[in-house]
Amino acid sequence: MDEFEVWEDQEIQFDLSINKVLKMRNGEKIIDRLEFIEDTKGNSGDKGVLVITNLRAIWHSMTLARISLSIGYNCIQDISTRIVNSRLKGITEAIYIQAKYNGLRYEFVFTNLIPGNTRHFTSFIGVFKAYNSSRLYRELKLRGAIIKNDRLRLLMFETMYSIANGVWNLSSEQGNLGTFIITNIRLVWYAESNETFNISLPYIHINSIKIRESKFGEVLVIGTNGYSGGFTLGFRIDPKERLRSITKELSSLFHIHSQVPEFGVHFVITDQV
């Protein structure tokens, strides 16, 4: 796996070592940590710790270090509550999670063993909603409603750095003339003739930024990682000096963002009960 690929919100992993499962990648932040949480479906009767980050939920046993779960939010299809029969708490209300990964469906049930404590509901569900509402920070988007009157709809933590006109998107034989908008979070291109024909590419999905020779001459080639489909995108920018200048700026912002990624997931814990 490429060092820049973000797997934490994209995968479900079982029984990683405690050091590996709790290792936060760049930009990953612990939002809440709750002790005495039972993995009621998978490890009934076992007390554990639920760690909620901006990318995933981590559960690990308090007694057996080798037992753990890492559930990426992008795998979760639904979160609700339901009445369950906990081996440690009896009949009680718990978080019920339906998820899918690698074509397989999973169910997870987490019960808070502390009487009257509902913080795992508010934290888990609140952070998951914040994740779902901020997907443009983390997903490659085609033909989105991101441009209005030639202006980019900026995200909350986004800063625009430069605009470059006269950029040819080489996805078709004849190419499409358009504009680059370069920000601290993503690269956006949209067509001059139709602003709804566009691409929003977060830096976290970029694997490589290079200049290569092609039938169109020297072009900017951007490779995306497997989580976004492993695409290769080509752009022609004239003259060559301008091509090199834009490539240098993109490469610099990509590496800066890789060190401190902005995933767009922000949630403040207010209920401490």
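The model is predicted, so local features are reported where pLDDT is at least 70 and side-chain atom pairs where it is 80 or more, while totals for chains, interfaces and linings use all residues. Residues are numbered from 1 along each chain as its sequence is written, and side-chain values use heavy atoms, with hydrogens and water left out.

**Overall build**

- The C-alpha atoms of the protein fill a box of roughly 70 × 35 × 30 Å along the principal axes.
- The protein is divided into domain 1 (12-136) and domain 2 (140-259), with bounds that come from an automatic or database domain assignment, and the centres of the two domains, taken over C-alpha atoms, are 36 Å apart.
- There are 3 helices and 18 strands in the protein, where helices (H or I, at least four residues) and strands (E, at least two) are DSSP runs numbered from the N terminus.
- Of the 273 residues, 51% are buried, a word that here stands for under 20% relative accessible area, computed with a 1.4 Å probe on protein chains only, whereas exposed stands for over 50% and partly exposed for the range in between.

**The open sheet**

- An open sheet is formed by 8 strands in the order E9-E15-E14-E13-E12-E18-E17-E16, with antiparallel pairing; two strands count as paired if DSSP finds at least two bridges between them.
- Strand E9 (141-142) and E16 stand at the edges with a single partner strand each, so one side of each is left without a neighbour in the sheet.
- Strand E16 (residues 206-214) pairs with strand E17 (residues 217-224) over 8 bridges in the antiparallel sense; a hairpin joins E16 to E17 through 2 residues, and Arg 212 stands opposite Val 219 in E17.
- Strand E12 (residues 160-169) and strand E18 (residues 232-237) are an antiparallel pair with 3 bridges, in which Val 167 stands opposite Ile 237 in E18.

**Pockets**

- On a 1 Å grid over the protein atoms alone, a pocket is an open set of points with protein on both sides within 12 Å along at least five of seven lines, unlike a cavity, where a 1.4 Å probe fits but cannot get out; lining residues have an atom within 4 Å of a point.
- The largest pocket has a volume of about 180 Å³, and its lining includes Ala 130, Arg 135, Met 156 and His 266.
- Both domain 1 (12-136) and domain 2 (140-259) give residues to the lining of the largest pocket, so this pocket lies between them.
- The second largest pocket has a volume of about 160 Å³, and among the residues that line it are Leu 140, Arg 143, Asn 169 and Phe 231.
- A volume is the space filled by probe spheres set on the grid points, which are joined across faces, edges and corners.

- His 60 lies in strand E4 (residues 56-61) and counts as buried at 10% relative accessibility; leaving aside neighbours within four places in sequence, His 60 is in contact with residues including Ile 18, Leu 22 and Val 49.
- Ile 222 has its place in strand E17 and counts as buried at 0% relative accessibility.
- Ile 222 and Lys 210 are 12 residues apart in sequence, and their C-alpha atoms are 6.5 Å apart in space.
- Beyond its neighbours within four places in sequence, Ile 222 is in contact with several residues, among them Leu 187, Ser 208, Phe 231 and Leu 250.

Conventions
Contact means heavy atoms within 4.5 Å.
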